[in-house]
Amino acid sequence: RLDIKTAKVSGASIGGKVHKVVPYAALFYDAQGKTWVYTNPEPLVFIRQLVVVDRIVADLAIITDGPPLDTLVVTVGVAELYGAEVGVGK
């Protein structure tokens with residue numbers, strides 16, 4: 001069993017402007033360098049979604065494209081979800 005933890009995509013005021021942010025721990029970089037998060041739209045359902053990161057500020061990632069505000073994203077267990085999705089290489 002995975003000890004999955006989630007947090008909501010939120011809005012944060014940084015530099016006088018409100019930005020959409022996710023915890024840095026929610027980000028996953030694949031082998032091609034693309035950045036993803038796993039959303040949790042309903043219990044026991046996890047969907048990988050591409051995100052565009054503008055920059056990292058402390059423990060937050062400012063995203064310019066990705067899930068809408070208040071969407072749950074996985075913050076603990078991300079790598080395990082990816083492994084379960086794509087399998088383990090030989």
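Mentor: Two residues are in contact when heavy atoms of theirs lie within 4.5 Å. Please keep in mind that the model is a predicted one.

Trainee: With which residues is Asp54 in contact, leaving aside its neighbours within four places in sequence?

Mentor: Asp54 has its place in strand β7, residues 52-57. Once neighbours within four places in sequence are left aside, the contacts of Asp54 are Ile62, Ile63 and Thr64.

Trainee: Is His19 buried or exposed?

Mentor: His19 belongs to strand β3, residues 17-23. Beyond its neighbours within four places in sequence, His19 is in contact with Ser10, Gly11, Ala12, Ile14, Arg55 and Ile62. A polar atom of the His19 side chain lies 3.4 Å from the backbone oxygen of Ile14. The relative accessibility of His19 is 14%, and the limit for burial is under 20%, so His19 is buried.

Trainee: How many residues make up the largest nonpolar core?

Mentor: Val22 is one of the members of this core. Neighbours within four places in sequence aside, Val22 is in contact with Val9, Leu27, Asp59, Leu60, Ala61, Ile63 and Val73. The core consists of Val9, Val22, Ala26, Leu27, Val37, Val51, Ala61, Ile63 and Val73, and its residues number nine.

Trainee: Which arrangement does the aromatic pair of Phe28 and Tyr82 have: stacked, edge-to-face or tilted?

Mentor: The structure holds one aromatic pair. The ring centres of Phe28 and Tyr82 are 4.3 Å apart and the planes stand at 35°; since stacked requires under 30 degrees and edge-to-face over 60, the pair is tilted.

Trainee: How many residues apart in sequence are the parts that this pair ties together?

Mentor: Both Phe28 and Tyr82 are buried, and a second, separate core of six residues includes them along with Val74 and Val78. Phe28 lies in strand β4 (residues 28-29) and Tyr82 in helix α1 (residues 78-86), so the pair joins parts whose separation in sequence is 54 residues.

Trainee: Which residue follows α1?

Mentor: Helix α1 spans residues 78-86. The residue after α1 has a positive phi, near 85°, and is Gly87.

Trainee: What is the phi of Leu44?

Mentor: Leu44 is placed in the loop between β5 and β6. Its relative accessibility is 79%, so Leu44 counts as exposed. Leu44 is a residue other than glycine, yet its phi is positive, near 65°.

Trainee: And what is the phi of Asp70?

Mentor: Asp70 is placed in the loop between β8 and β9. With a relative accessibility of 54%, Asp70 counts as exposed. Asp70 is again a residue other than glycine with a positive phi, near 75°.

Terms used. Residues numbered from 1 in each chain as written. Predicted model: local features only at pLDDT ≥ 70, side-chain atom pairs only at ≥ 80, totals over all residues. Heavy atoms only, no water. Phe/Tyr/Trp six-rings, centres within 6.5 Å; stacked < 30°, edge-to-face > 60°. Helix = DSSP H or I, 4+ residues; strand = E, 2+ residues; numbered from the N terminus. Buried < 20%, exposed > 50% of the residue type's maximum accessible area, 1.4 Å probe, protein only. Core = buried A, V, L, I, M, F, W, Y, C linked by side-chain atoms within 4.5 Å. Polar contact = N/O pair within 3.5 Å; in protein donor to acceptor, adjacent residues only side chain to side chain.
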